[in-house]
Amino acid sequence: TPLGQRRKVTGYNMAAKGMLSRALQCFFDKNAVFLLQNRTTMTLSSHTAQRQPTLRQTRFRWPFQSSKTLFSCHNRGPVLTAHLSNVVVAARSYCSVSRACWNCSAPTAGWFFCESCHVVQPPDLQATLFDVMDCAKKFDIDNSRLSTKYKDLQRLLHPDRFSQHGEVEQDYASAQSAWVNKAYWTLQKPLSRGLYMLQLEGETIEEGDKQSDPELLMEVMEANERLGDAETEEQVRSIAEENREKLTRLCKELSQAFDEGDVAKAKDILTRMQYYSNIEDKVKERLPPS
């Protein structure tokens with residue numbers, strides 16, 4: 001009957017939407033990003049029985065990017081095909097490793113998830129923090145992009161998502177999340193990022209590696225004295241601005257030193273930066289929270 005046919009078609013459309021939702025979640029779990037670029041169509045197929053070809057179109061709200069994606073179900077013969085139009089599926093370029101999955105033993109290059117069984121993998125401690133956050137190993141990074149990646153990864157690896165999974169996978173998810181946290185907070189600030197890059201070059205700054213430049217030491221001492229004598233917020237902000245300009249100049253010099261592979265110069269600049277970063281911390285203690 002017409003009513004029975006309508007119910008059957010409605011059931012197929014609901015199945016297609018469910019299938020698409022599961023596929024999107026699968027892609028998201030595998031670190032995929034969906035970019036609306038009006039260039040291609042993703043096709044998902046499921047075997048079913050439907051004699052009459054039908055076409056239904058409805059808006060499908062994509063929660064991460066846009067609500068402009070067009071969802072359409074095509075029921076033709078024995079195959080139900082769902083098209084997600086105007087979507088490009090671009091795999092993230094996160095750190096790629098070659099190892100066997102602990103769960104299914106299949107070889108996988110996924111850094112966070114197995115590409116076969118989609119189970120969380122243990123962190124590979126040979127990867128750098130730049131690898132974890134999908135950043136080039138350079139001093140100059142885009143903090144906005146870094147923050148976006150951090151939130152993205154934390155959403156993927158949040159412990160609540162694995163509360164119903166096995167204990168081993170929960171432990172690996174927690175370890176991955178902690179590794180991502182460390183990567184983000186290390187790379188976010190110029191000084192800690194520079195010190196980490198120095199460490200990657202096999203160098204560290206020890207307690208005895210203090211600057212002997214009398215001009216620098218005098219300048220830092222005077223800045224500390226001015227900060228201690230400052231009585232108004234305007235005076236403190238003036239010191240903060242001067243100190244910020246010096247740190248900005250040192251950051252540019254440090255970036256150039258790393259680009260040129262001059263590790264000794266980078267170490268000298270980082271030692272200077274520690275003095276000014278110390279002043280910056282003292283200034284923040286004197287100013288009201290922004």
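Which residue forms a salt bridge with Glu203? It is Lys267, and the closest N and O atoms of the two are 3.4 Å apart. By salt bridge I mean a side-chain nitrogen of Lys or Arg within 4 Å of a carboxyl oxygen of Asp or Glu. The pair links distant parts of the chain, 64 residues apart: Glu203 is in the loop between α5 (190-200) and α6, and Lys267 is in helix α8 (residues 263-286).

Before I go on, some ground rules. This is a predicted model, where local features need pLDDT of at least 70, side-chain atom pairs count only at pLDDT 80 or more, and totals for chains, interfaces and linings use all residues. Residues are numbered from 1 along each chain as its sequence is written, and side-chain values use heavy atoms, with hydrogens and water left out.

Now the overall picture. The protein chain has eight helices and eight strands. These are DSSP runs numbered from the N terminus, with helices being H or I of at least four residues and strands E of at least two. Of the 290 residues, 40% count as buried. Buried means under 20% relative accessible area, exposed means over 50%, and partly exposed is in between, with a 1.4 Å probe and protein chains only. The chain exposes about 17,000 Å², and carbon and sulfur atoms supply 49% of that. Those areas come from the Shrake-Rupley method with a 1.4 Å probe; for residues, only the protein chains shown count as cover. Contact means heavy atoms within 4.5 Å. Among contacts between residues at least 6 apart in sequence, 64% join residues at least 24 apart.

Back to the salt bridges. The count comes to eleven. Side chains of opposite charge can pair when their charged atoms come close. In the pair I opened with, Glu203 counts as partly exposed because its relative accessibility is 32%, and Lys267 is partly exposed too, with a relative accessible area of 21%.

Next, Arg226 forms a salt bridge with Glu242, the closest N and O atoms being 2.9 Å apart. This pair also links distant parts of the chain: Arg226 is in helix α6 and Glu242 in helix α7, 16 residues apart. Arg226 has a relative accessible area of 38%, so it is partly exposed. Glu242, at 32%, is partly exposed as well.

Then there is Asp134, which forms a salt bridge with Arg145 at 3.9 Å between the closest N and O atoms. Here Asp134 is in the loop between α2 (129-132) and α3 (143-157), while Arg145 is in helix α3, eleven residues along. Is Asp134 buried or exposed? Asp134 is buried, because its relative accessible area is 13%. Arg145, at 42%, is partly exposed. Asp134, Arg145 and Lys149 are linked in a network of salt bridges. The backbone at Asp134 is also worth a mention: phi is near 55°, a positive value in a residue other than glycine.

Ser105 is another case, with phi near 70°. Ser105 is in the loop between β7 (99-100) and β8 (107-108), and is exposed because its relative accessible area is 56%.

The loop between α2 and α3 also holds Ile141. Not counting residues up to four places away in sequence, Ile141 touches Phe130, Leu146, Leu187 and Arg193.

Arg193 brings us to helix α5. Buried in α5 are Leu191, Arg193, Gly194, Tyr196, Met197 and Leu198. The cover over these buried residues includes α2, α3, α4 (167-188), α7 and α8. Just after α5, Gly202 takes a positive phi of about 85°.

In helix α7 we find Asn243. Asn243 is buried, because its relative accessible area is 5%. Leaving out residues up to four places away in sequence, Asn243 touches Tyr276, Ile279 and Glu280.

Last, the surface. Which residues gather in a patch of negative charge there? They are Glu222, Glu225, Asp229 and Glu231. Patch residues have over 30% relative accessible area and no salt bridge; like charges are joined within 9 Å, and nonpolar side chains (Val, Leu, Ile, Met, Phe, Trp, Tyr) within 5 Å. Lys and Arg count as positive and Asp and Glu as negative, with His and the chain ends not counted. The place of a charge is NZ of Lys, CZ of Arg, CG of Asp or CD of Glu. Glu231 is in the loop between α6 (214-229) and α7 (233-259), and counts as exposed because its relative accessibility is 73%.
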